[in-house]
Amino acid sequence: MFDNLKALEEKYEELNKIVADPSTMNDMDKWKAYMKEISDTEPIIQKYREFKQTRDDIEGSKQILEEEKDEELRELAKMELSEKEELMEKVQNELKLLLIPKDPNDEKNVIVEIRGGAGGDEAALFAGVLFRMYSMYASARNWKVEMMSANETGIGGYKEVVFMITGKGAYSRLKYESGVHRVQRVPETESSGRIHTSTSTVAVLPEVDDVEVELDMNDVRVDVFRSSGNGGQSVNTTDSAVRLTHKPTGIVISMQDEKSQLKNKEKAFKILKAKLYDLELEKAQKELAQERKSQVGSGDRSERIRTYNYPQGRVTDHRIGLTLYKLENFLNGDIDEILDALITTDQAEKLQSI
């Protein structure tokens, strides 16, 4: 590990010399790439230098203890040695965390897709509860929520709802939410008070740039049709709705929320690109999960990840075995405690491979 850090420090110093050379500014794209690499590397280099300084301080204190006869100086050296050894453990742990490979998608916006699963109307109502939960969480972090597509049931639920959350680090926090969410509660229509179990599925997709997805337009069939359901004066009288069919994967995206065919098309392609990117991401995550037997971020989107139990007021994340008895707060967007625990667990698993 430390040989790699030494090489990284040498590269960092070389890059700083390159960007300081006026001739480098002639190629702004290259200069920006160098500056980004410096920025990404700098926290690691600073922590590595702190590690080296602490290591030297420890060696200095040990040398004093070996050579010095004065008891007062020896006591001071013992105190400093104890402090520096404690600091060394802290610095090493922080350095290891910095060396965990960064997920290139962490800073991206996300497209969240929630579908009612098993349970009919109750599942659709729970999809609405999850949509509200994520919306409130986004609002608390000053992130923007934009509705992209919704198939409402008419009783306050959704068969499917797709929305974008725009904000720095949105994917880094929400990427662990993909999977099956199970709810246990007594439906309002249940006269006997019997608890029903239903599910909704959540998919969290990073927003992707055009350069990240190779999309052959020959593979996409574009159909336009007249919108159905509630809408403005013109939404049901023009062919503004758009359906994209990706032939190789069978993915179908229908969009009719906007009055403009162009806007519906743009939104549909944004979702299609995110889904295609996610297929590759899921494949890579599954391969990685098999290598390190990860329970967090395994890429298995059919996995039941969480249970929301209304009668007991609890929420349980099955991947890390964490139960909180604060369901109401959780459903009001206070989900950081579980997200933090998931991130910590994921980091701990990745540290084992360093």
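Visitor: What makes the reach of helix α4 (residues 121-140) close to the expected one?

Guide: Helix α4 has 20 residues and reaches 29 Å from its first C-alpha to its last, close to the 28 Å expected at 1.5 Å a residue. The expected span is 1.5 Å times one less than the number of residues. Helices (H or I, at least four residues) and strands (E, at least two) are DSSP runs, numbered from the N terminus. This is a predicted model, in which local features need pLDDT of at least 70 and side-chain atom pairs count only at pLDDT 80 or more, while totals for chains, interfaces and linings use all residues. Residues are numbered from 1 along each chain as its sequence is written, and side-chain values use heavy atoms, with hydrogens and water left out.

Visitor: Why is α4 called largely enclosed?

Guide: Because 14 of its 20 residues are buried, α4 is largely enclosed by the rest of the structure. Buried means under 20% relative accessible area, exposed over 50%, and partly exposed in between (1.4 Å probe, protein chains only).

Visitor: How do you know that the buried residues of α8 line one face?

Guide: The buried residues of α8 are Ile-338, Leu-339, Leu-342, Ile-343, Asp-346 and Glu-349. Seen down the axis of α8, they fall within an arc of 135°, so they line one face of the helix. The arc is that of the directions from the helix axis to the C-beta atoms. An α-helix has 3.6 residues a turn, so residues three or four places apart point the same way.

Visitor: Why does Arg-306 count as buried?

Guide: Arg-306, in strand β9 (residues 304-309), has 0% relative accessibility and therefore counts as buried.

Visitor: What makes the pairing of Arg-306 with Glu-177 a polar contact?

Guide: The side chains of Arg-306 and Glu-177 make this contact at 2.7 Å. A polar contact is a pair of N or O atoms within 3.5 Å; within protein, one must be able to donate a hydrogen and the other to accept it, and residues adjacent in sequence count only if both atoms are side-chain atoms. A second polar contact, of 3.0 Å, joins the side chains of Arg-306 and Asp-317.

Visitor: Why is Thr-316 called buried?

Guide: Thr-316 lies in strand β10 (residues 314-317), and it counts as buried because its relative accessibility is 11%. The side chain of Thr-316 makes a polar contact of 2.9 Å with the side chain of Thr-323.

Visitor: How do you know that β7 (residues 241-246) and β8 pair?

Guide: They pair in the antiparallel sense over five bridges, and two strands pair if DSSP finds at least two bridges between them. Thr-245 stands opposite Val-252 in β8.
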